[in-house]
Structures are given as C-alpha cells and as structure tokens.
Amino acid sequence: MELEIVEVGPSSRPLRYAPRQLEPWHAPPPPPPPPPPPPHHHQQHGGAGDAAGAPAAQQFDSEKLPQTLVSEIRPFLRAANQVEAENPRVAYLCRFHAFEKAHTMDRLSTGRGVRQFKTTLLQRLEQDERSTKSKMTQKSDAREMKLFYEKKKQANAHELLPVLAEVLKALLSGTGLENLVAGEDFTDRSGLLRYNILPLHPKFSQRPIMLLPEVRVAFSAVFNVRSLPSATMKDDKNHTDILRWLQSWFGFQTGNVANQREHLILLLANMHARLNPKPSSAQMLDDRAVDELLAKTFENYLTWCKFLGRKSNIWLPSVKQEIQQHKLLYIALYLLIWGEASNLRLMPECLCYIFHHMSYELYGVLSGAVSLITGEKVRPAYGGDDESFLNNVVKPIYDVIFQEAQKNKNGASDHSTWRNYDDLNEFFWSTDCFKLGWPMRPNNDFFLISDATKNSQVSFDKQFFVDQDYQGCHMALKVVLAVFH
C-alpha cells in the first residue's frame, strides 16, 4: 500500500503515516484529428505551374558548425542562405566551396562533429545540384557566378563580395578563363568585412547594432590610435585600431586580431551599459568600465606577481589623456596572447610569464626607450613578422607539452616518467622560471625532454612550491608528498 506523509500539528510534533486515496483510472481522450493539408494552388494551373509553385528549399544551418571549421566555413554558408532566394545556383556553389574547404582542412574527418557535418552538407549538395541546374541563366557555373558577382558589386553589397570573389576565383582556377577576373582585387585589406557579431567596417556603420551608444563609444576607444608611435602596417592604414597596431609590433595572426577586436569592443560595451550611475558623457567610454575590465583581466597576473615578489609590468603614463588608451593596450595585448595561445590556456601562470615580458616590451615601445647596447629604439624580441608570436612563443612551449604527452603511452606509463600540464605550469610558480629568459633560451631545463625521470627527481622538482601555500590551493599536494616521505 502506498503511503504519504501528513502533518498533524506544529512542525515540532512527530508525523504519522496515512494511506493515500487513489483516484479511479480513466482512459485518456482520443487525440484530435490531423488538420487537412493546405490546398496546392499550382495544381489548378497544370504542369507549367508545378515548378513555380514548388516549395522553396530549406536553408542550411550555418551556425551549428564544428568548432575547428567555424572561422573558415561559416561566411560561405551564411552567404548561401542570404542569396538562395535570388539565385539558388550561386547558393549551391557557395556551399560546394564550403564543403571543399572543410574537406581540405580535415580530410580524415577526425575533428569533433566534422564527419557528421560533411555528410549532411554532401547530402544537401546532391539534392541542390539537380534542382538548381535547370535554373541557371548562363552556360557555365563560372559565368553564372561572375554575372552575380558583378550585380552585387554594382549594388555595393560589400559584405558578400569577398565570399563571392573567392568562390569565383576557385571556379576559374585551371579552366583557362582567368581573364574573366583580370584586374579584380579580392583582398579585404581592412580585415573588417568578415565578422561574427559586430560589422565594424565603415560601410556598415548604420547597422542597428552599431548605433547603440555603448557600442559606439567602445568602438571609438578601440580605434583610437592617436599619439601612438608609428608602426608598419601591411594592410589598409585607414582602418587602424589598437589591436592591429599591436599586431604590427608583436606578429599576431590576422584571424586572432579580428576575433579579439570584436571581443574587446563587446566587453567594453557591456560594462559601459551596466554602469550605475549612468555615464555623464554619451560620446566617450567611461573610465569606470575600463577600470572594471582591467581589474578582472589582470586579477590572476597581479596575484602571480605578488606571489613571486615581482612588480607588475603594467606602466601607465603621467598624461591623463593617454591613461585610458594605455590601459586598453595592455588589455588588448593580454587578449591577443590568450586568444592565440589556446593550447597553453591550461597553464595560466605560463601565460602570466609571457604577458609579463611582452607588456614590458610594450612599455618600451610606448615610452620610446633606447637600447644601451645598440643605441636604437627598443623593439619586441620576436618582432612583428607574420605569425611571429605563434612560431616563436606558442609552438616551442607546445612542442614540450606534446612530447611529454607522447611519453604517457595512453596512461600506461608511470607519472614519474613524464610531465603533464600541471607539472609544466608549476615551473612558472617559482622565480626559477625567470631563468628561462626573454627571448626564451632553448637550452633551458624547461625545454629538456628526458627519456625517464626518477621519482626522487620529480619530488625534488616539485619541492619549491610546497614550501609556500599558493592561495591555499595546494594543501592536498603537500599531503601527498608527506605520504611519500
């Protein structure tokens, strides 16, 4: 018999059990009949109206994509959805180009969700190839795309032009019809036409999201490069911002710069919009929003400096008008390091070490410091060449992580014979990490990969962070070491 608890008095008195009265069972009502199908108007007009009345093809989802393919594939799928109603064949060609790029990027479909995505897209292409071919107005796909590209060019559809141009260039490659695009410039020199959320190109300045007050003031602050030392810009100099300025000195990747540009503007806009009391000026980014973001961004870095007994390398100018700009430069520098060092994010103190040295170089550039050795102005150690930060900073450290992981043998090896993320990151909890230098010394013990490591050696290597309790988070490790002793 089922029981239920019934309270018979104040909460302090005991409870008694009483049988629950079961309601008689009643059969559920039958489901309502399905609605009648909608009338097919094209059936009244015979065969000529069948094609005209056919339902439009459903748009392919351009947002749910494998993370490894998003940046390269999404623009083509978005463009396909945008032009599908106007020219289904051009939409098919954009999706086909997206499939080719996805297959080139991951031929074995080893990435998470890549195989499912490619299968779904291929099925859609097989369906559209038959249905769109009869709707072509030109004799070939290349001429169809060329005609549509010219049409959008005359309509100043700047958002679509880079995508359509790349598809057209791929269609004409090796066909002998390259003269169709002779003299065309397919390069987006500003780097602003492609975007995730914020259309930052000046041609899109009247989009609703760009008219929000908080977005406008954040945009103005990030694109303020007045009073900064001149830098070598390889692209369009008319649309320079502080992130592209940093790229020219430190050699960050273009895609990383584009992502962190939007990231920084959105962070500033959100904090500016939530200020209470409201900002007094509607034309300038409030200093309180910048200070809040600065504190949150560098909370761990400042703690790391205090733990190691080092001074922070975030230096601000004495000129009041330049303080906000310099704060944003340090924030942008950290975001660019964080964005490009994705394989090192599990080593936060390692990122602190990298930022510590690069922020000091940034201060040297901003202050116009002169080297005592060369007599020339100080420049970053690794320069501003393309992908310099990736090749000279991220890759050497990641190579150590990769080689140590190989010694793991899928968990079969004893932990004393290899170093994981935590073991490598612990190196940056000690002042010994500064022996690594900047630029980093390849012969430092950190980069040494040995075949085997004795248990006593590993225990000795870890002893330096046992002597102090780093924010009270490593007490468990002290207990483990005590057991071994």
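In the predicted model, the largest nonpolar core comprises 75 residues, and Leu264 and Ile354 have the most contacts inside it. Helices α7 (213-222), α8, α9 (254-273), α10 (287-297), α11 (299-308), α12, α13 (348-367) and α14 (388-406) each contribute at least two residues to this core. Beyond its neighbours within four places in sequence, Leu264 is in contact with Val222, Ile242, Leu243, Leu293, Ile331, Ala332 and Leu335. Apart from this core lies another, of 35 residues, which includes Val90, Leu93, Ala98 and Leu168. In soluble globular proteins, nonpolar side chains tend to be buried together.

Two packed helices are described by the angle between their axes and the distance between the axes. For helix α8 (residues 242-250) and helix α12 (residues 320-340), the angle is about 65° and the axes are 10 Å apart. The crossing of α8 past α12 is right-handed. On the side of α8, the contact is formed by Ile242, Leu243, Trp245, Leu246 and Phe250, while α12 provides Leu328, Leu329, Ala332, Leu333 and Leu336. By class, the residues of this contact are 10 nonpolar, no polar and no charged. Of these residues, Ile242, Leu243 and Ala332 are also among the contacts of Leu264.

His97 is located in helix α3 (residues 88-105). Its relative accessible area is 9%, and His97 is therefore classed as buried, the limit being under 20%. When residues up to four places away in sequence are not counted, His97 touches Phe76, Glu166, Val167 and Ala170.

Several features of the backbone were also examined. Most residues other than glycine have a negative phi, and most peptide bonds are trans. The peptide bond from Asn276 to Pro277, however, is cis, with omega near 5°, and Pro277 is placed in the loop between α9 and α10. Trp438 and Pro439 are likewise joined by a cis peptide bond, with omega about 5°; Pro439 belongs to the loop between α15 (421-426) and α16 (455-462). A positive phi of about 75° occurs at Ser227, which is not a glycine. Ser227 lies in the loop between α7 and α8 and is exposed, with a relative accessible area of 53%. Glu387, also a residue other than glycine, has a positive phi near 60°. This residue, Glu387, is found in the loop between α13 and α14 and is partly exposed, at 35% relative accessible area.

The mean pLDDT of the chain is 80, with 74% of residues reaching 70 or more. Over residues 1-17 the pLDDT stays under 50, and the model has 21 contacts beyond four places in sequence for this stretch. Residues 39-55 also have pLDDT below 50, with 3 contacts beyond near neighbours in sequence.

Methods:
Residues numbered from 1 in each chain as written. Heavy atoms only, no water. Axes fitted to C-alpha atoms, helices over the stretch in contact; angles between N-to-C directions. Helix = DSSP H or I, 4+ residues; strand = E, 2+ residues; numbered from the N terminus. Left-handed = near helix turned anticlockwise from the far one by under 90°. Contact = heavy atoms within 4.5 Å. Nonpolar A, V, L, I, M, F, W, Y, C, P; charged D, E, K, R; others polar. pLDDT = per-residue confidence, 0-100. Core = buried A, V, L, I, M, F, W, Y, C linked by side-chain atoms within 4.5 Å. Buried < 20%, exposed > 50% of the residue type's maximum accessible area, 1.4 Å probe, protein only.
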